[in-house]
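Biologist: I would like to learn how to read aromatic pairs and a nonpolar core in a protein model. Could you take me through them step by step?

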Amino acid sequence: MAFRALLLATLLPTAVIAHDYKLGDLVIEHPHSYATPPVARAGAGYMTIRNTGTEAEVLLSASAGFADAQIHITEAGADGVMRMIEQEAGVPIPAGESVSFMPGGLHVMFTGLQAPFVTGEANDVTLVFERAGEITVSFEIEDRPAVTTGTMGHEGH
């Protein structure tokens with residue numbers, strides 16, 4: 001019986017360390033969001049996805065029950081204005097490399113929030129990958145760090 005439980009545990013997507021998740025050759029590290037003001041209608045999610053395999057992967061989409069979710073990147077337009085651009089084709093994660101989702105860059109955009117993000121709470125988000133399939137991870141809500149020059153926050157939309 002113990003062997004069956006161990007075998008089952010190795011086949012299912014699992015938490016690697018307190019707040020990291022493993023799905024096949026992928027490790028989703030520290031998925032988190034920052035607390036939002038009570039009137040915020042949008043927030044963002046951040047993480048690092050590490051591909052320990054020998055084949056490239058693609059993060060195709062994200063979904064959540066608490067808001068609409070899209071994968072975005074923040075880029076400067078030709079006019080110098082920062083814009084969020086949906087990554088409709090997904091985000092490639094090359095073999096043996098990591099891709100970081102962080103303020104001012106790639107992020108999971110949550111719009112139409114049903115409630116503000118409150119420090120200490122968490123929101124489940126399902127990530128869908130081209131090869132590995134899907135996994136639901138918990139984006140823990142943290143206090144917002146001090147604002148740094150050159151980043152564009154999304155939680156106040």
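This is a predicted model: local features need pLDDT of at least 70, side-chain atom pairs count only at pLDDT 80 or more; totals for chains, interfaces and linings use all residues.

Biologist: How many aromatic pairs does the structure hold, and how is the pair of Phe66 and Phe110 classed?

Modeller: The structure holds five aromatic pairs. In the case of Phe66 and Phe110, the ring centres are 5.0 Å apart and the planes meet at 55°, so the pair is tilted, given that only angles over 60 degrees count as edge-to-face.

Biologist: Are Phe66 and Phe110 buried or exposed?

Modeller: The class follows from relative accessible area, and buried means under 20%. Phe66 has 13% relative accessibility and therefore counts as buried, and Phe110, at 0%, counts as buried too.

Biologist: Which kind of pair do Phe110 and Phe139 make?

Modeller: The rings of Phe110 and Phe139 have centres 6.0 Å apart and planes at 85°, so this pair is edge-to-face. Because Phe110 lies in strand β10 and Phe139 in strand β12 (residues 133-142), the pair ties together parts that are 29 residues apart in sequence. Phe139 is itself buried, with a relative accessible area of 1%, and one aromatic cluster is formed by Phe66, Phe110, Phe117 and Phe139.

Biologist: Which residues touch the most other members of the largest nonpolar core?

Modeller: As a general idea, nonpolar side chains in soluble globular proteins tend to be buried together. Here the largest nonpolar core has 30 residues, and those touching the most other members are Met47, Ile49, Leu59, Phe101, Phe110, Leu127 and Phe129. Strand β12 supplies the largest share of this core, namely four residues.

Biologist: What is Leu127 in contact with, leaving aside its neighbours within four places in sequence?

Modeller: Leu127, which is found in strand β11 (residues 122-129), counts as buried because its relative accessibility is 0%. With those neighbours left aside, its contacts include Ile28, Met47, Leu59 and Val137. Ile28 and Leu127 are 99 residues apart in sequence, yet their C-alpha atoms are 9.8 Å apart in space.

Biologist: And what does Phe101 touch, not counting residues up to four places away in sequence?

Modeller: On that basis, the residues that Phe101 touches include Met47, Ile49 and Leu59, which are also among the core residues that touch the most other members.

Conventions. Residues are numbered from 1 along each chain as its sequence is written. Side-chain values use heavy atoms; hydrogens and water are left out. Rings of Phe, Tyr and Trp (its six-membered ring) pair if their centres lie within 6.5 Å; planes under 30 degrees apart count as stacked, over 60 as edge-to-face and the rest as tilted. Buried means under 20% relative accessible area, exposed over 50%, partly exposed in between (1.4 Å probe, protein chains only). Helices (H or I, at least four residues) and strands (E, at least two) are DSSP runs, numbered from the N terminus. Contact means heavy atoms within 4.5 Å. A nonpolar core is a set of buried Ala, Val, Leu, Ile, Met, Phe, Trp, Tyr and Cys residues joined through side-chain atoms within 4.5 Å.
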